Amino acid sequence: MQSSLPMVPQQHSPDAARAGSYAASTVELGDLKRILVRRRFWIFGTVALLTLVALLYGLFTPALYSSAAEILIDPQDLQVVTNDVNPSRISPDGGITQVESQVSVVQSTGVLMRAIAATNLTQDPEFNGQGLLSRLLGSASAEGDRSVQTLDALRRRLAVKRADKVLVLDVIVTAKSADKAALLANAIAQAYLVDQASARAKMARDASESITARLDEQRKRVQQAENAVEAYKSANNMVMAAGNLVSDQELTEINTQLAAAQSRTAALKAQVDQMRRQSGTADATSEAMRSTVISSLRAQEATLVDQVSQLGTELGPRHPSLIAAQQQLRDTRQLIARELGRIATATETDYERALANQQALEAKVAGMKSKSLDTDQASVRLRELQRDLEALRSVYSNYLQRAQETREQINVDSTNARIISNAMPALKKSWPPLPLLLLGAIFGGLGLGTGLALIAEYSSPTVLSSAQMQSAIDAPVLGVVPAKSGTGRRWWPFGGARAVASSQKTDAVVGLALRRMFSSGQRPADWPLVPSILVTSSPGEGAQRSRVARLLADAAASRGSRVLFIDANAGGDQKDPQPGVLDVLRGEYAFEAVSHYAAGSNVAVLGRGRSKAVFQEAHGIYFAQQMLARASRSFELVVIDGGALADNLNASPLVAMADEIVLVATLNATPMRDVTTTAQAVSVMGRLPTAALLVDEAA
């Protein structure tokens, strides 16, 4: 029964030559949407689970309340004294760094322990770790351990923050009670101020004690320097008065006296020389001019001269009155002469005395100068000792003043911080924030669910796009068929225009697929076999495969072609199957005898038949050739529902004879491993898939 007909040539559409050029496609935005729609239950389930957990946590978690106290820190300290122990210096950044460091100070162990002691927090079960669970377990902590636990618990509930560009610290404490939170916040703020004041007082006390300890040493050094100066002066016979040597003072005074004596001697010598030039008369000297006696006698002389002149005119030259007046005039002039002589004698005497005094002073100065030269070398060393003494006295004085200032600072609070806002009990709880938790759970669930959906998808990848399908089977995708019909009516059995169940879009896609499959012109015009299409898929795509096969048959029939539809699907479950294509392939029946036309349709249907006997593949191919050759007399197209070829080996003769082998897969549903398995099954049967049609359930 060897066939006399040639084997059917492999038919390809115009896109078949380019099939090998398609690269593996990455996931696009549309593919991602299909993945998320298909895996939506993962996403919704994750969202529901996280939302439920957040809701239960928010409802059953004990409420916490937060209160905040505000502390203003001025980088410029209060300056109590000029030389403060804590000098006021503002850093170039405006004190921001200094304030930032105070954040750590507020959270320090010293400050928190002060607050714990002030509020007796070690007795509070909320903070001391002695809650109900600890009491049930019978664990009791020592006092020291309890303090440590309380400190750790308080630190976990404490937050110290500083807003940008301000010098204010917010001390925030969270507790189960609003009143307790406010109490602790105020206690920590007050403890910080006390700690700062105590630290500054301690610094001042330490500085005062250190300076006081140095005072005795400085005092001894001053005494030693003073003793050295006095010993040196005693050894060199150097008597000091008002800070200077007595000999130097005497020399200075005698020099002053000598200068005055020389000046007086010169003045008296000038007077004596003047009188000597006037021939011993002192009438024109300045002393005569200043003498009151001379002035009185001169006035009396002038009066007598007038009287003598008047009497000489009125009386005769021998008149007694005139003679008496002339005698008085002569006596007055003698008195003036004797007074002038006395003045001249006194001037010369003064000059001689002044000259003698000058000479005595000059002799004394000369003697003291010679003595001063002997003490000059000793004075150099003395001045050096005195400079050392003054330096030590200055240091000692500074130490003494500084010690007094720091001693006063101990009792003065110069803290540069103050509480500007005390903590008030909160009106609303700060934790748990149920709306925020629910919102976070929803968005977190969406993100986590999306991630789980993508992980599930890529752990078992499905067909996502036409390009991916083309790359997998090395054949073109003819189109994407919508999964839903446009009319809502069932399209089986084949019928007229009213029985067509596909929408216009489905008709257009299927019709275009038919044209692409048989428009290549590679099939010889005189080829004796009828054009045939075998539709196959993975085992899980039976319904979509059968639908696509019938859509192809119906689309060809609606355009006036007579179509033979062969149902070779191995999934039939008829209890008493009628003869069909398997009987034809065994040579038991002619296909005309077992096929029948659907009422009012151009489609003849040939069922699967009985699979009671197994036939050889060579026999099956022969009878398949005979069937297709004889079908060419009555039909223009044969559409074969080949079923899942991986499970339907009886369809291999039809695979060998079919012009087109079309794989059907559902977008975002058919696993890629099933597509690969089906393509391998076709390859084992001696053929390769020539095309594919995809079904989009989202369309």
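Accessible areas come from the Shrake-Rupley method with a 1.4 Å probe, and for residues only the protein chains shown count as cover. The model is predicted, with local features needing pLDDT of at least 70 and side-chain atom pairs pLDDT 80 or more, while totals for chains, interfaces and linings use all residues. Residues are numbered from 1 along each chain as its sequence is written, and side-chain values use heavy atoms, without hydrogens and water.

**View 1. The whole chain.** The accessible surface of the chain is about 37400 Å², and carbon and sulfur atoms account for 55% of that area. Of the 699 residues, 41% are buried (under 20% relative accessible area; exposed is over 50%, partly exposed in between; 1.4 Å probe, protein chains only).

View 2. Leu52, Leu55, Leu56, Leu59 and Phe60 form a nonpolar surface patch of about 510 Å² (residues with over 30% relative accessible area and no salt bridge, nonpolar side chains joined within 5 Å; a salt bridge is a side-chain nitrogen of Lys or Arg within 4 Å of a carboxyl oxygen of Asp or Glu). Leu55 lies in helix 2 (residues 40-60) (DSSP run of H or I, at least four residues). Leu55 counts as partly exposed because its relative accessibility is 32%.

**View 3. The largest nonpolar core.** This core has 36 residues, and Leu564, Val581, Met627 and Leu654 have the most contacts inside it (buried Ala, Val, Leu, Ile, Met, Phe, Trp, Tyr and Cys joined through side-chain atoms within 4.5 Å). Helix 19 gives the most to this core, 6 residues.

Methods:
Patch = residues over 30% accessible without salt bridge, like charges linked within 9 Å, V, L, I, M, F, W, Y side chains within 5 Å. Helix = DSSP H or I, 4+ residues; strand = E, 2+ residues; numbered from the N terminus.
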